[in-house]
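Here is a short tour of a protein model, written for a reader who likes to follow along in the viewer. Please keep the structure open beside the text.

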Amino acid sequence: DILVDSDISNGVSEFSAKAIHYFSAKAKHQFNLGADFTYNSSFLVRDTSDVNLRTDRIDAQRLGGFVQDNISISDKINLQAGFRFDLMEDTKKVYLQPRLNLSFEPLEKWKFNLAYGIYNQFISKNTLIDNLNNFLYIWEIADNRKIPVISSQHYVAGISHTNQNIK
């Protein structure tokens, strides 16, 4: 079907609540624990000449949490290791996402950082193509059936310099 003079409305909304607790085990050791709830909703309305051709609404809920261990190996080396998990309510699938971060400060104003993590994206922008090859980009919530949950591995390396005289 080809839509002429069509009006398309699409959007995503999110509500989330979270709690984080910090445990200080020793002077150079801290343990963090957190839990969260996320509610997403997406909608797509296609109408023409005030005739509603299609209305889609998808709602999804996730429970999540994380555990993180912060260890100061020395005055110049800091290690953060942990993982995050997300449980999609409708599919009952758990997504584990490990995280690792290492910081090294060889000189007072210089810091080197290395990080690794797996991240999952539960909202994506997808493409609809009609039979005339017209593109329409819409936001949708991943359900891991029709719309996959996107997973990526991040590797990050960086150098930072701190200078108090720059304003």
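## Charged pairs and paired strands

Arg57 is exposed, with a relative accessible area of 56%; the classes used here are buried for under 20% relative accessible area, exposed for over 50%, and partly exposed in between (1.4 Å probe, protein chains only). The model is a predicted one, in which local features need pLDDT of at least 70, side-chain atom pairs count only at pLDDT 80 or more, and totals for chains, interfaces and linings use all residues. Residues are numbered from 1 along each chain as its sequence is written, and side-chain values use heavy atoms, with hydrogens and water left out.

The side chain of Arg57 meets that of Asp59 in a salt bridge, at 3.5 Å from N to O. Such a bridge is a side-chain nitrogen of Lys or Arg within 4 Å of a carboxyl oxygen of Asp or Glu. Asp59 is partly exposed, at 42% relative accessibility. Elsewhere, salt bridges that share partners connect Asp36, Arg62, Arg84 and Asp86 in one network. By the salt-bridge rule, the count comes to six.

| Pair | N to O distance |
|---|---|
| Asp75 and Lys28 | 3.2 Å |
| Arg84 and Asp36 | 2.9 Å |
| Asp59 and Arg57 | 3.5 Å |

Where do Arg84 and Asp36 sit in the chain? Arg84 is in strand E4 and Asp36 in strand E2, 48 residues apart, so the pair links distant parts of the chain. Strands (E, at least two residues) are DSSP runs, numbered from the N terminus. Both Arg84 and Asp36 are buried. By contrast, Asp75 is exposed, with a relative accessible area of 70%, and Lys28 is partly exposed at 43%.

Now for the strands themselves. Strand E5 (residues 94–107) and strand E6 (residues 110–121) run antiparallel and are joined by seven bridges; two strands count as paired if DSSP finds at least two bridges between them. A hairpin of two residues leads from E5 to E6, and Arg99 has Gly117 of E6 as its bridge partner. E6 also pairs with strand E9 (residues 150–161), again antiparallel, over twelve bridges. In that pairing, Tyr119 stands opposite Ser152 of E9.

Leu102 belongs to strand E5 and counts as partly exposed at 33% relative accessibility. Leaving aside neighbours within four places in sequence, Leu102 is in contact (heavy atoms within 4.5 Å) with residues including Ile77, Leu79, Phe112 and Leu114.

Phe112 lies in strand E6 and is partly exposed, at 35% relative accessibility. Together with Phe104, Leu107, Trp110 and Ile159, Phe112 makes a nonpolar surface patch of about 490 Å². E5 and E6 are the elements that give two or more residues to the patch. Patch members have over 30% relative accessible area and no salt bridge, with nonpolar side chains (Val, Leu, Ile, Met, Phe, Trp, Tyr) joined within 5 Å.

Which residues form the largest nonpolar core? They are Met88, Tyr95, Phe122, Ala142, Ile147 and Val149. A core is a set of buried Ala, Val, Leu, Ile, Met, Phe, Trp, Tyr and Cys residues joined through side-chain atoms within 4.5 Å. Not counting residues up to four places away in sequence, Met88 touches Tyr95, Phe122, Ala142 and Val149, among others, including Gln61 and Arg62.

Technical notes: Helices (H or I, at least four residues) and strands (E, at least two) are DSSP runs, numbered from the N terminus. Patches are made of residues with over 30% relative accessible area and no salt bridge: like charges are joined within 9 Å, nonpolar side chains (Val, Leu, Ile, Met, Phe, Trp, Tyr) within 5 Å. Accessible areas come from the Shrake-Rupley method with a 1.4 Å probe; for residues, only the protein chains shown count as cover.
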